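Subject: Structure handover

Hello,

Here is the structure you will be working with. My notes on it follow below.

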Amino acid sequence: MERLQNLLQQLDAAQVGARMFALMERLYPICRSITGQGVRQTLDILQESLPLVRSEVPTGTPAFDWTVPNEWTIRDAWIKDSSGVCIVDFKRSNLHVVSYSIPVHRRLGLRELKEHLHSDPEHPDWIPYRTSYYRETWGFCLAHQQLLSLQEGEYEVCIDADLRPGSLSYAECVIPGASPSEVLLFAHTCHPSLCNDNLSGVVLLAALGQYLRRSQLQWTYRLVFAPATIGSITWLSRNQGHLGQIKAGLIVSVAGDPGAITYKRSRHGNSLIDRAAANIVCQGEKPGTVLPFSPWGYDERQFCSPGINLPVGRITRSPNGAYPQYHTSADNLDLVQAEHLTDSLQRIMRILCVLESDRRYLNLSPFGEPQLGRRGLYQMMGGYTNIGALQHALLWVLNYSDGLHSLLDIAEASGMDFQTLLHAAELAEQSGLLSPGPLSLDLCTISGSELPTYGHTT
Amino acid sequence: MERLQNLLQQLDAAQVGARMFALMERLYPICRSITGQGVRQTLDILQESLPLVRSEVPTGTPAFDWTVPNEWTIRDAWIKDSSGVCIVDFKRSNLHVVSYSIPVHRRLGLRELKEHLHSDPEHPDWIPYRTSYYRETWGFCLAHQQLLSLQEGEYEVCIDADLRPGSLSYAECVIPGASPSEVLLFAHTCHPSLCNDNLSGVVLLAALGQYLRRSQLQWTYRLVFAPATIGSITWLSRNQGHLGQIKAGLIVSVAGDPGAITYKRSRHGNSLIDRAAANIVCQGEKPGTVLPFSPWGYDERQFCSPGINLPVGRITRSPNGAYPQYHTSADNLDLVQAEHLTDSLQRIMRILCVLESDRRYLNLSPFGEPQLGRRGLYQMMGGYTNIGALQHALLWVLNYSDGLHSLLDIAEASGMDFQTLLHAAELAEQSGLLSPGPLSLDLCTISGSELPTYGHTT
Amino acid sequence: MERLQNLLQQLDAAQVGARMFALMERLYPICRSITGQGVRQTLDILQESLPLVRSEVPTGTPAFDWTVPNEWTIRDAWIKDSSGVCIVDFKRSNLHVVSYSIPVHRRLGLRELKEHLHSDPEHPDWIPYRTSYYRETWGFCLAHQQLLSLQEGEYEVCIDADLRPGSLSYAECVIPGASPSEVLLFAHTCHPSLCNDNLSGVVLLAALGQYLRRSQLQWTYRLVFAPATIGSITWLSRNQGHLGQIKAGLIVSVAGDPGAITYKRSRHGNSLIDRAAANIVCQGEKPGTVLPFSPWGYDERQFCSPGINLPVGRITRSPNGAYPQYHTSADNLDLVQAEHLTDSLQRIMRILCVLESDRRYLNLSPFGEPQLGRRGLYQMMGGYTNIGALQHALLWVLNYSDGLHSLLDIAEASGMDFQTLLHAAELAEQSGLLSPGPLSLDLCTISGSELPTYGHTT
């Protein structure tokens with residue numbers, strides 16, 4: 001069992017990227033929705049990599065203001081033209097049928113048919129993704145240029161589907177750490193053949209779970225795979241007594257496109273997960289973006305509803321809706337690339353490493369700088385214009401380790417990399433210069449002006 | 001009786017603009033000063049539109065550090081050249097005489113005359129506006145190019161004026177609302193034939209008063225028409241016991257030029273009126289400017305003096321002194337336009353609508369999002385990239401209505417239009433999702449990080 | 001005895017610049033290090049201008065985590081080539097020998113010699129400055145192009161030096177004021193023939209000390225001339241009981257190059273010295289830069305170590321390491337110019353003037369503006385677009401002198417020059433409009449929104 005940061009350093013980027021991509025290729029053809037067999041097949045496959053605890057919540061179960069809906073079973077769907085040629089076929093793309101369509105089989109003219117057709121004029125080659133979970137209707141989605149090419153005449157439509165009492169399916173994997181305080185990681189599982197949104201999040205969590213299971217962890221990690229909205233609401237409603245244990249969390253989705261990494265803050269705005277993620281996201285070769293909380297997006301809407309208000313942020317690459325292929329057939333295996341999945345995974349692991357190791361230290365030699373040279377911590381020849389990053393990091397952790405500032409505080413104040421500061425702090429601790437405080441997921445921000453007193457100071 | 005916001009929505013912009021402009025045309029020829037018959041004539045005309053309570057404060061009355069001065073009566077003033085030709089004539093422009101000039105009638109040479117002449121070399125065609133309220137002297141103002149053309153020789157000057165004990169005149173219109181808490185609206189009335197500064201403010205308040213009288217109001221509105229500086233100081237000194245009722249206020253002046261709208265904060269800086277005005281001023285097609293408080297400008301200097309310190313800000317278009325025609329004969333009926341008066345009026349009404357309706361709501365279904373669809377509050381077909389403004393507004397008010405955030409807080413956090421948020425809140429209230437808190441003019445700012453607890457939360 | 005601000009206004013810039021430069025020329029040839037005869041010679045010369053209290057701290061004395069080292073005596077050093085020609089000679093530049101080199105006299109080949117040679121490839125004409133205080137070794141520094149020209153063959157090296165028990169030398173000059181609260185001014189004295197770093201700081205403090213001795217001072221000023229790092233640490237360790245007296249301080253170095261003035265904040269970040277220096281540095285014709293605190297630089301590292309944590313900032317022109325000549329033979333009498341030394345001196349004097357006179361005043365006529373005109377404090381003819389700076393300053397000090405805002409607060413809020421505000425406040429005090437509060441070095445920042453109450457206000 002190693003520390004997570006060691007696993008991160010040793011991570012074989014090409015290998016893990018290929019593994020995540022291969023899993024995504026396997027999950028891509030399945031027709032998922034907020035309930036149904038497709039979700040269960042998906043969870044079956046995930047269970048090959050991770051030990052999952054599965055839940056089936058019956059139709060009709062109340063979940064806060066909602067009720068678990070009927071289960072949707074889809075077997076086939078097609079449109080035939082007047083000559084009997086199948087022009088739209090569910091078997092070619094499961095996006096062709098509006099999710100949760102009621103069964104239908106009849107003949108009708110073009111005008112009436114068009115009332116049930118959905119296309120995207122802005123992207124005339126792509127099939128859009130549409131749903132109708134809570135209004136009983138049926139519909140087909142197709143490329144806009146195909147819609148324009150439809151001739152007058154009689155059509156035959158068939159949706160071979162059921163809407164019947166069944167259950168909503170979700171799965172969890174809890175990976176215990178030294179403390180029962182929990183970090184929640186959530187991916188939604190309700191989208192059919194769409195890769196970035198959100199098979200990317202699903203395969204990333206699966207890979208992350210494998211690393212976490214090999215780590216010696218400080219905190220307990222809970223991975224949840226559930227449908228969006230009704231899934232997170234159902235999970236929350238069944239775990240109310242447990243929510244106090246959750247000290248941090250991330251919604252993971254849209255993790256594989258070429259866009260820069262994006263962190264959306266929790267409703268708390270500046271909780272530990274917010275600060276850790278903002279710090280990590282803004283660093284490195286391709287710095288990302290930090291967005292404020294807003295009540296629109298993915299399942300952070302539920303985890304950050306006012307009565308729940310957990311410190312759960314969201315990691316994506318392009319934000320939801322901000323890439324053209326969003327919710328269309330172009331969100332496919334060409335859009336997502338293994339290298340971006342890997343970069344997202346590494347970013348999240350770096351964020352978790354901050355949670356695992358952020359703490360306050362106390363400088364045991366706080367009067368003037370300690371003489372680092374005789375401890376082998378400082379270059380012995382003086383006068384140079386620059387000193388190295390590690391020596392800067394040593395000076396930062398020694399100066400600010402007054403019992404009030406944590407390593408993350410120091411990373412924010414200095415602009416230095418958290419891992420370098422952690423390395424410096426551990427070297428100083430080994431030299432007897434720093435004494436570590438307890439680990440905690442409740443470290444709050446101390447502003448730079450509220451400073452310490454060791455005795456006489458003003 | 002309707003809500004002010006309904007009157008605002010139904011307002012006929014062309015009609016109200018024409019009405020304000022016509023009133024300004026009527027007031028323009030009158031020679032006003034800080035006291036005297038011109039002010040009383042002005043108030044007589046305003047009284048045709050609004051019921052005014054008039055006050056006459058006798059010369060010699062102490063007003064804090066000041067004393068009400070003698071009343072100035074001006075009947076005529078002219079300069080004749082050596083051939084008896086009248087070259088400067090008060091009847092052509094009342095700006096020609098320095099306000100509060102003492103009477104004079106004598107002959108004198110050019111050199112001595114020039115000591116009493118005022119011109120503006122930077123704008124050689126315009127007559128500047130000058131005053132000498134507290135130093136007994138006399139003087140004429142004229143276009144700089146006329147001054148340059150004056151020949152050597154003897155001149156005859158005449159100012160037929162009096163400075164005698166009399167009174168300082170001001171007027172008030174109080175429009176009661178459900179609560180005695182007051183919103184003060186102030187326009188200064190002491191300038192002679194100058195349109196933007198400040199007949200624009202005077203006619204705007206007259207029109208606004210008419211709308212307020214037709215409204216069902218939450219707060220009491222007090223409109224004050226008084227001379228600048230000595231007028232506001234006198235009013236304050238006579239109403240000290242009443243100042244605690246004033247919860248917000250606006251100085252209105254320079255309201256008709258083509259410049260963008262400008263709000264200058266009160267000395268409080270971030271009181272409710274400051275936040276409401278800053279929010280409204282920065283929105284819309286032609287966003288305006290928000291200035292910090294400074295102790296230089298119009299009567300906000302008195303309302304925001306340190307011993308008074310009321311939350312009274314200032315609305316102008318171009319700030320005082322920031323347009324070239326300021327305090328010259330070019331501040332006339334050509335500079336001010338009805339459309340700008342109307343825009344200023346609408347902005348101020350929108351600010352008052354915020355005061356009338358800002359409140360906190362409590363989300364009665366705070367655990368996860370409530371299911372808006374079954375209440376008819378949400379589009380039923382899902383998957384789209386964009387939802388409309390009203391649906392965004394619903395999500396914002398539901399998420400932040402935790403009993404701590406008011407609609408204005410939410411407008412600031414979301415960048416959304418206050419009226420849209422109010423509409424969303426009222427829809428949600430009708431659906432039983434929100435419970436309204438009390439209206440108040442004392443709502444303070446809650447920062448986004450100080451968040452609510454409904455129970456278990458961290 | 002005059003106020004410091006009067007001396008500043010009367011200062012003859014050319015004369016004081018020439019005097020500082022002449023002193024620098026005299027000190028330049030001396031070979032200084034952290035101990036030794038060169039430091040003592042330097043202090044002897046300074047003592048001609050200022051009464052210094054000298055300290056000699058014996059080798060072996062503990063100083064917090066450090067120990068006073070052996071004293072280094074250098075008499076001569078050279079390298080001769082195989083033909084006996086002296087190619088590197090300490091007498092030509094004392095930078096040629098690595099400071100604290102141990103004695104050596106031997107013959108050796110080029111390869112071994114090169115292990116003891118230091119050059120700077122980026123600046124091939126300049127001799128770099130190197131030290132080895134705490135690792136016993138020897139070395140020479142030379143221009144990189146000379147190093148490249150060295151031929152194979154046998155060389156003779158000689159460093160005629162001692163490392164023996166002796167003492168570390170520092171000096172202080174305390175200039176008493178009305179209060180024992182102290183302002184510390186520190187310059188390091190350990191660099192050999194390097195002008196900007198830090199003979200500039202040494203001669204500036206010498207000149208400043210002369211002005212301070214001629215002033216009627218509110219505070220006590222302590223000038224300290226000591227070696228960097230071990231010197232400030234030693235001083236701190238011997239004055240622990242006294243540190244509570246120090247309410248503000250400046251490290252002065254790199255004060256003579258053409259770069260813009262730079263203030264680096266103390267670890268407190270926003271103490272009085274930080275606010276005063278930031279305000280002064282950002283004003284004037286060539287505005288400078290304000291840097292946040294960082295634990296890397298000059299002796300602020302020690303004064304701002306966490307157990308000491310004094311409000312001591314740093315004034316330089318170019319920051320340390322940020323000019324190419326830093327720690328090379330090009331940091332010479334050509335780099336530093338009298339005019340820059342004078343500008344630095346004037347800036348520091350302006351900062352000290354803020355400390356000497358910042359205070360809160362109470363407006364004794366706070367209800368409306370007082371009538372300034374009858375007190376001769378305001379122009380009597382009205383209507384002008386602009387009023388002068390002094391009249392603006394009067395309005396600012398009157399409005400904000402509510403007992404909570406100091407002149408420096410008002411300077412920050414208004415963007416006006418501190419000296420103009422002080423002048424206005426003193427005029428208003430003479431007119432009985434303001435009552436001065438006590439002087440203090442502990443004035444803290446009151447934000448503009450926490451405002452006063454004289455009675456009823458909201």
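In chain C of this predicted model, four strands form an open sheet in the order β5-β4-β9-β6, with antiparallel pairing. Strands here are DSSP runs of E with at least two residues, helices are runs of H or I with at least four, and both are numbered from the N terminus. Two strands pair if DSSP finds at least two bridges between them. Strands of a sheet pair through backbone hydrogen bonds, either parallel or antiparallel.

β5 (86–89) and β6 (104–109) of chain C are the edge strands, each pairing on one side only. On average, neighbouring strands of the sheet are turned by 20 degrees against each other, direction ignored. Strand β4 (residues 71–80) of chain C pairs with β5(C) in the antiparallel sense over three bridges. C:W78 stands opposite C:D89 in β5(C).

In chain B, the axes of helix α6 (residues 195–213) and helix α10 (residues 338–357) come within 10 Å and cross at roughly 50 degrees. Axes are lines fitted to C-alpha atoms, for helices over the stretch in contact, and angles run from 0 to 180 degrees between N-to-C directions. The angle therefore makes α6(B) oblique to α10(B); under 35 degrees counts as roughly parallel, over 145 as roughly antiparallel, 65 to 115 as roughly perpendicular and the rest as oblique.

Residues in contact (heavy atoms within 4.5 Å) include B:L204 and B:Y211 of α6(B) and B:I348 of α10(B).

Residues are numbered from 1 along each chain as its sequence is written, and chains are lettered from A and ligands numbered from 1 in the order written. Local features need pLDDT of at least 70, side-chain atom pairs count only at pLDDT 80 or more, and totals for chains, interfaces and linings use all residues, while side-chain values use heavy atoms, leaving out hydrogens and water.

Regards
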